[in-house]
Amino acid sequence: DIQMTQSPSSLSASVGDRVTITCRASQGIGNYLAWFQQKPGKAPKLLIYAASSLQGGVPSKFSGSGSGTDFSLTISSLQPEDIATYYCQHYNSYPITFGQGTRLEIK
Amino acid sequence: QVQLQESGPGLVKPSETLSLTCTVSGDSIRPYYWSWIRQTPGKGLEWIGYIFYSGSTNYNPSLTSRVTISVDTSKNQFSLKVTSVTAADTALYYCARKSHSSGAFDIWGQGTMVTVSS
């Protein structure tokens with residue numbers, strides 16, 4: 001199985017900050033990488049697919065980059081509504097696997 | 001818009017079979033891939049398997065001996081069965097659709113909690 005490792009596990013930042021979360025795959029996955037946002041009591045919501053493509057309806061303050069084994073998700077200006085846990089997930093091969101999540105908090 | 005709704009018992013006894021159904025509304029179940037995913041505090045998000053509307057399946061090797069996913073196109077539903085459950089199968093279970101265009105899980109159900117306990 002391909003292991004997905006996110007860092008940091010948790011992050012505290014101020015409103016207006018630029019925030020970056022990283023995700024590393026244990027082997028190359030091309031650009032078959034998605035990012036999800038999950039708020040408490042809700043299902044994960046797709047933000048980014050194909051490593052850098054913004055899902056329809058998702059604000060442009062979210063952006064993704066990377067290919068191969070190293071990826072990142074950036075929020076350009078953190079707002080209170082962005083407080084959530086963020087997950088990366090590869091879909092290069094089966095089984096599909098997810099990162100362990102990054103919990104984002106407001107400082 | 002497309003909506004997914006999981007349904008099934010919230011409590012299952014150890015060694016018995018967990019059975020869940022996902023009902024798709026707002027679109028046809030054809031011709032998409034449909035997955036089951038579960039979430040626990042300890043293991044996080046775990047992909048269980050998928051089914052294509054035609055009935056072809058692919059399961060996570062960690063669960064393949066105990067999992068069956070089936071589809072009923074006439075009801076626009078697909079289902080999950082996990083046999084010989086233990087406490088480790090206690091989780092929040094989601095159904096999700098794989099997008100044609102992006103290949104990612106673009107639509108998710110709200111999730112249903114299943115507890116394995118006597």
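Tutor: A salt bridge here is a side-chain nitrogen of Lys or Arg within 4 Å of a carboxyl oxygen of Asp or Glu. This is a predicted model, in which local features need pLDDT of at least 70 and side-chain atom pairs count only at pLDDT 80 or more, while totals for chains, interfaces and linings use all residues. Residues are numbered from 1 along each chain as its sequence is written, chains are lettered from A and ligands numbered from 1 in the order in which they are written, and side-chain values use heavy atoms, with hydrogens and water left out.

Student: How many salt bridges does a search of the whole structure find over all chains?

Tutor: One of them pairs A:Arg24 with A:Asp70, whose closest N and O atoms are 2.5 Å apart. Another is formed by the side chains of B:Asp27 and B:Arg97, at 3.7 Å from N to O. Over all chains, the search of the whole structure gives a total of 10.

Student: Is B:Arg38, which forms a salt bridge with B:Glu46, buried or exposed?

Tutor: Buried means under 20% relative accessible area, exposed over 50%, and partly exposed in between, using a 1.4 Å probe and protein chains only. The closest N and O atoms of B:Glu46 and B:Arg38 are 2.8 Å apart, and B:Glu46 has a relative accessible area of 10%, which makes it buried. For B:Arg38 the relative accessible area is 7%, so this residue is buried.

Student: Which handedness does the disulfide of B:Cys22 and B:Cys95 have?

Tutor: A disulfide is counted when two cysteine sulfur atoms are within 2.5 Å, and those of B:Cys22 and B:Cys95 are 2.1 Å apart. The pair links distant parts of the chain, with B:Cys22 in strand 3 (residues 18-25) and B:Cys95 in strand 9 (residues 91-98) of chain B, 73 residues apart. Because the torsion about the S-S bond is about 65 degrees, the disulfide is right-handed.

Student: With which residue does the side chain of B:Ser35 make a polar contact of 3.0 Å?

Tutor: B:Ser35 lies in strand 4 (residues 33-40) of chain B, and its relative accessible area of 3% makes it buried. A polar contact is a pair of N or O atoms within 3.5 Å; within protein, one must be able to donate a hydrogen and the other to accept it, and residues adjacent in sequence count only if both atoms are side-chain atoms. At 3.0 Å, the side-chain partner of B:Ser35 is B:Trp47.

Student: What is the area buried between chain A and chain B?

Tutor: With contact meaning heavy atoms within 4.5 Å, 16 residues of chain A are in contact with 18 residues of chain B. Buried area is the accessible area (1.4 Å probe) that two parts lose on being put together, summed over both. Carbon and sulfur atoms give 67% of this area, whose total is about 1500 Å².

Methods
Helices (H or I, at least four residues) and strands (E, at least two) are DSSP runs, numbered from the N terminus.
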